[in-house]
Amino acid sequence: MSLLRLENVSKTYITGDLKVEALKSVNLEIEKGYFYAIIGKSGSGKSTLLHILGALDRPTEGKLYLEGESVFDKTDKEITILRRRRIGFVFQAYNLLPEHTVLENILMPAHLDGKKPDENRLKEIISALDIEDKLAYYPDELSGGQRQRVAIARALITNPAIILADEPTGNLDEKTGQEVIDLIKQSAEMFNQTIVLVTHDMDIAKQADRIIRIVDGRIMN
Amino acid sequence: MLRKIAVSGMKGRKKDTLILSFVVGLSFVFTILATIFHASSEGTKLEQRTAMFGSWDAAYLNSGKEMVEKIKEKEEIEKLGVSRILGNSPTLGVVGTINDDLKDLGNFTMYEGRMPEKDNEIAIELSRLSYFQSDIKVGDTIPVEIVIPIYERDWYEAAREQVIRVIPEIEKRFGYKNILYEMNNFPIWLREFEEKERKGELTDRDWYPTDWFSYIYYGLANSYRRNVHSLEQFNDTKLVIKTSYVQMFVPDNYSYYRFSPYSIPDEVETGLPEDLPEELPDEGPINPEELSMISQYAHITRNMVVTGIIQNYSNLWDVGDEPVASAFVTEEGGKAFIENGFLLTEEVDVSDFETTYNLFIGSNIPSKEFFNKYEGEFEGLRRNTYAFPETSGSTESTLTYGILAAIFIATVFAVFQIYLTQTRRRTRRIALLKSIGAVNGQIIRVLIWEVVYLLSFTLPISAVIGFGLSKLIILYMNKYGNTVLNLHIDYKLTLLGIGLGIFSVFLGMIVPMIMSLKVPLTGTISTPPRKKPIIKGKLKTKPVDLNMKVQSFSRIYLRNLRYNKGKTLLTASLYTIATAVLLGTIFLSFIFFGDYIDNVIVKDKPSYGYELNHALTNRSIPEFVDSIYEVEGVTRVELYKAGEHAYLWHENIDKNEIYPVFKEILPRNLVEEHFGTDDSDYVNLDKDNSHLVKDSIVTNIYTIDVEDPLYTRFEASLSIGKLDKEKFKTGEEIILLIPLFEKVEGENSEVEISEDIISNTNQKNRMEVLLRNSNKYNLSYDFRYADYYLKDETISVGDTIYLTIPTEDMAGELPTNDVRFIETKVAGIIYYFPEKGIWPFADTVENPVVIGSYNFLGKAYPATIFGKGHLTTEDLNYLIASIYPTKFGKTYVYIYVDKNANEIDVDVGLKRVGREYEVKLTNYIEENNKIFGKSLNMTAIVTLLGISVALITLIILYNTTLSKLEQERERIGILQALGVTEGQFKGLYLISGFGYGLFALIISHILLALAVLITFISGRPKPLYLYPWKLHAFVSIVVFIIITLTYFMPIRKIIKNQPIDNIRNLGR
């Protein structure tokens, strides 16, 4: 059984008289343990696809199944909790909360669930991401690469089944970007997680197990 | 081009532009409202004053004709009202002429008809109508008789001249000498007489300086008054010259002097014959050489048509004791009396006669300025201080400027805040402009154009709304507020307000403008990195506890509040300002309306009152009351028959704690008005019952008809006890009014009471006034004190009271000194009136008061059963003033009038009833209106201030919250993505709203408490339990809810968005 499944998903944005079909009857299955890369041109709908996969946005039509359960048939609260426990996000703009330390940012998803993460797992993650000495820092005091590591650590902390990353290297230089990708891959392998990554960088896409090409709102292969 | 950029920018930020326009527009609306309201209030007051006191700036009264021309020459004179004083009329009072300028400056209100226009027309002041035997109506022709004194002197002066004339003959005929010397020596004798009288050394002999002086002095009565009349007719003018002389005769026998008013002492009469003639001798022939002229008057009479009745004005104007005309004729009419009448007489030489003039000046400079300039040149010049009083520093003015200042500050703040938000939001646009070559100056011009465009449409719209709203509010206040307010616009003040508003907009945008200039080309305002960690003292080198405590969402949120403490504090401050302003408005309104509430509403003060110096008979009361009800507008009449000065005694009266204190502070000469004394030696008082007087308190007995609604009112007002109507009717039972009291504690309990205070009291209010002013006790019948003041427990329901009343009877020709004893039971006691009081007790706070039935009064004061009987008013007054001060009782009538009734009609109608019954009408309405008008104006201004500031603040808040949330959307989106549920968000924002509300309420109340302390620190504190706590609580709750909702509502919309809609820059 696939981990995530999209069934005839369409997404239309309406702005005034303008109607934009970002996704057109998309069918997609994401299987557990793989590294997927979604590629496509700007405005092709790749980010929209990722947002729907992460239940950050609702499709206009169609359904999303997580391990066989229809996600959008659940209540908003259930979807939020599902997102909290099963999905980890890595954003291009890091989206760390500036008033919290690195450690607090990392622990936030677990804490919001009212849980304390396993200390060994935390140590493992921060050690893997090489941010052990940055835990007391605030995000504003870190470099872009370091911030993205913190964001990855935050995505991994609840041990989600799937990590969704939206152009995580977009704001980083090539070297740091590659390091971040390596880290995501390494973590996913280490914790047996599925990765769906949006990128327009073919070099990064090539490192994925599977590439999903999206053109004008439709998946080509 | 820059203009186009500004306009398109504004259109692009529709929502922001709308909020900004709304705030700016609102500030203009309130500015216009405040200034118009102030101008209307001041303008109406000026109108009312000038309508009542004339619009003349200064007056030069009783002047000669030459002054008319002299004053006319002054360049500041715009109008000169001239009233030539023609003379006095027995019916019309002072008759004078009127010119057109005086008609304008006098602002006379015509009760009926118009001012005179022809030489045979006259307009009469309303008050003079009662001097005519019959009703005078407009159109009637009446004989107008003007009396001009040609010669006047004191009668005694003329008589003395006669005495001097006859002294030689008296001395010659009766052989006495030095009579003239003794007469001249009279002042010395008088001084000695007074000195002896003071020392108590007067003997009968001392009453007359000398035998002959008495004869001569009192013999003046034996003089004759000779009156000579002459009649002349000049066309329609009749002229009668009346001359009075005195002539003294020397009788053959000096015993005629015994016909003088004072009889001659026996010892002086020695040698006088016993057989006195029955009558005085005839006056005899007039010998002009033997006459002394007393007076000569010209009586000029013309028939004139009454063209109008003028509302009373002459007793209102600021003219001091100088006479002003109470009847007006035209200048031609004046000439018909004087030049074509009086001056043509051939009977006497009147070539030196000159009429005087009253000049009323309307200048083109302010009243005070004119007065200051000319008071030196024109001695006796008067300023019209009634119409144009010193107004600087009036509370209304201060409040209006306060409103403008508050609106100014609020607008600056709002514009600043909105522009700041906008600047942050449109950084990209500014960056774009800069990137394509716009220099800072051009950016500033774009911003200035924006403001200009903003003002170009907000100003006209808000001006229309402001003026319209002012008109509506004034209409509403006039219709429902029992006030008369005319719309006035003080353009200078309004323009000043608008100017301030425009300035505030520019001032508010200065800082955001400077920030705009700093926008870097990347399009974000650079924020310096936060160098200081939020958690102080947490060293990064320190090992971090990985097993940290779970951070709940609320902790995360609190951290955010602390992180943005500037914004948090700002928001809390704004909420506090809005709350404090609204609650402050209630407090100020309470202060301003306090007088009206306390003196009119709570005391149920009537509009009019009559006081009759006798108790009406039961039969005549319905007729009297009906005649009052016939006056249109009268809604309620309350009538009491009263008996005054009764000694009241009851068991335990000696334990009453107030009476001895009152007695102690009471001036000795007033003690008998309030207490029975040891000196009260009534004939039928013996040892056994003397305590009924000497240990008593003096009370007044008010009685009511048991079938009158007043009975029900008293019955419903009983604090304890129950009435048995039959027993009350027969007088077996009464109601006792004993006010609540509070003992004043503290340092200032030994305050001396000034003579002024004492002289302004009367028997009824003296106890309350003196105890209050001496800081001993506060007395009240006000229900609001019920839970705080004490009740007199020395007497209770079922107790017997003993009333002892002087009978004021006559035994033959001598007054008796007896008292009448009445016993009755206390059926109920009123310590305080529930809600509305009963007039006049709520006002005078008499202690105690007996309320009984008419029958009861008849028992206590039997004479009251018969009213004034066949006595004339004059005789009754004489008897009351001399030997029967309380025997005939009193009647008090209180009249309530519909607030929409025509005041003049009611006034005239009730005065007519008053004249019919020969009682004076007391008008309370003017006083009530004055208090109400002042309270309402102040409250309206304060409310306007409160609402305007609170509304602007709330708009700022709403905008702040929206913009804050707009900025937080991304953060909210992140938290949504991380798993914060909608419920968690809602709960937290609701709690935060509560928190802000609570904070605002707490701080506002602290501020208010400080204000209360400061306000009350100098004056006598107004008990706060009289404060409208319910309204205060209601407003507090409403404000609390508004604050919570203002904070909570916007978040609901944001969290409804999908997380990705909130994280807008995701993927960019």
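**Two chains, one predicted model**

Helices here are DSSP runs of H or I with at least four residues, strands are runs of E with at least two, and both are numbered from the N terminus. H2(B) itself covers residues 14-53, so to speak a 40-residue helix, and it reaches 56 Å from its first C-alpha to its last, close to the 58 Å expected at 1.5 Å a residue. That expected span is 1.5 Å times one less than the number of residues.

Some housekeeping. Residues are numbered from 1 along each chain as its sequence is written, while chains are lettered from A and ligands numbered from 1 in the order in which they are written. This is a predicted model, where local features need pLDDT of at least 70, side-chain atom pairs count only at pLDDT 80 or more, and totals for chains, interfaces and linings use all residues.

Now chain A. Its seven helices and 10 strands sit in a chain of 221 residues, 53% of which count as buried. Buried means that 20 or more other C-beta atoms, placed from the backbone, lie within 10 Å of the residue's own; 12 or fewer is exposed, and in between is partly exposed. The mean pLDDT, the predictor's confidence in each residue from 0 to 100, is 86 for chain A, and 99% of its residues reach 70 or more.

Strand S1 (residues 4-15) of chain A runs antiparallel to S4(A), joined by five bridges; strands pair if DSSP finds at least two bridges between them. Within that pairing, A:Glu7 has A:Lys63 as its bridge partner. S4(A) also pairs with strand S5 (residues 69-70) of chain A, again antiparallel, over two bridges. The two form a hairpin with two residues between them, and A:Glu67 in the turn has a positive phi of about 45°.

On to chain B, with 32 helices and 26 strands. Of its 1068 residues, 37% are buried. Which strand is largely enclosed by the rest of the structure? That is strand S20 (residues 800-806) of chain B, because six of its seven residues are buried. On one pairing, three bridges join S20(B) to the antiparallel strand S14 (residues 634-649) of chain B, with B:Trp649 opposite B:Tyr802. Another pairing, also antiparallel, links S20(B) to strand S23 (residues 819-830) of chain B over seven bridges, where B:Ile801 stands opposite B:Thr824.

How do the chains meet? The contact, meaning C-beta atoms placed from the backbone and within 7 Å, takes 35 residues from chain B and 40 from chain A. Helix H29 (925-978) is one of the elements of chain B giving two or more residues to that side, and H29(B) gives the largest share, five residues.

Finally, the largest nonpolar core has 151 residues, and those touching the most other members are A:Tyr36, A:Ile38, A:Ile152, A:Ala153, A:Val196 and B:Val23. A nonpolar core is a set of buried Ala, Val, Leu, Ile, Met, Phe, Trp, Tyr and Cys residues joined through C-beta atoms within 7 Å. Helix H16 (residues 565-601) of chain B gives the most to this core, 15 residues.

Technical notes: Two residues are in contact if their C-beta atoms, placed from the backbone, lie within 7 Å.
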